[in-house]
Amino acid sequence: MDHGRGMRPGSVVGGAWRIERKLGEGGFAVTYEAQNIKTGARAALKEFMPAGCCSREPGTSHITAAPGPEGDVFRWGRERFIREGE
């Protein structure tokens with residue numbers, strides 16, 4: 001199955017959240033249904049992953065900024081995305 005830019009179900013994020021399924025994918029982010037491994041709580045997790053500005057290391061949750069101006073856009077946007085989440 002093609003997961004596009006998304007992580008595969010079963011991937012663990014931050015040592016606490018297991019990806020259950022991808023809910024949606026847009027130009028700037030991928031949203032997942034996830035379950036907390038310790039508590040069983042369910043949540044929607046949103047991952048900043050703008051198309052053309054970064055890539056995922058295959059089989060991991062690690063994202064690398066693209067080289068050049070696209071990578072600068074990724075780093076700029078990631079900082080704002082983090083601040084918004086906080």
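The structure is a predicted model, in which local features require pLDDT of at least 70 and side-chain atom pairs count only at pLDDT 80 or more, whereas totals for chains, interfaces and linings use all residues. Residues are numbered from 1 along each chain as its sequence is written, and side-chain values use heavy atoms, with hydrogens and water left out.

Helices (H or I, at least four residues) and strands (E, at least two) are taken as DSSP runs numbered from the N terminus. Four strands form an open sheet in the order 1-2-3-4 with antiparallel pairing, two strands being paired if DSSP finds at least two bridges between them. Strand 1 (12-13) and strand 4 are the edge strands, each pairing on one side only. Strand 3 (residues 29-36) and strand 4 run antiparallel and are joined by seven bridges. Within strand 4, glutamate 47 is the bridge partner of valine 30.

The side chain of glutamate 47 is also joined to that of arginine 56 by a polar contact of 2.8 Å. A polar contact is a pair of N or O atoms within 3.5 Å; within protein, one must be able to donate a hydrogen and the other to accept it, and residues adjacent in sequence count only if both atoms are side-chain atoms. Arginine 56 lies in strand 5 (residues 54-56) and is buried, with a relative accessible area of 17%. Burial is defined as under 20% relative accessible area, exposed as over 50% and partly exposed as in between (1.4 Å probe, protein chains only). Beyond neighbours within four places in sequence, the contacts of arginine 56 (heavy atoms within 4.5 Å) include Arg5, Tyr32, Glu47 and His62.

Two aromatic pairs were identified. Rings of Phe, Tyr and Trp (its six-membered ring) pair if their centres lie within 6.5 Å; planes under 30 degrees apart count as stacked, over 60 as edge-to-face and the rest as tilted. Phenylalanine 48 and phenylalanine 74 are stacked, at 5.6 Å centre to centre and 25° between the planes. This pair links distant parts of the chain, 26 residues apart: phenylalanine 48 in strand 4 (residues 42-48) and phenylalanine 74 in helix 1 (residues 69-85). Phenylalanine 48 is buried at 12% relative accessible area, as is phenylalanine 74 at 3%. Phe48, Phe74 and Phe81 form one aromatic cluster.

With a disulfide defined as a pair of cysteine sulfur atoms within 2.5 Å, the count is zero. Cysteine 53 is in no disulfide, the nearest cysteine sulfur, that of cysteine 54, being 6.6 Å away. Cysteine 53 is buried, with 11% relative accessible area, and cysteine 54 is likewise buried at 14%.
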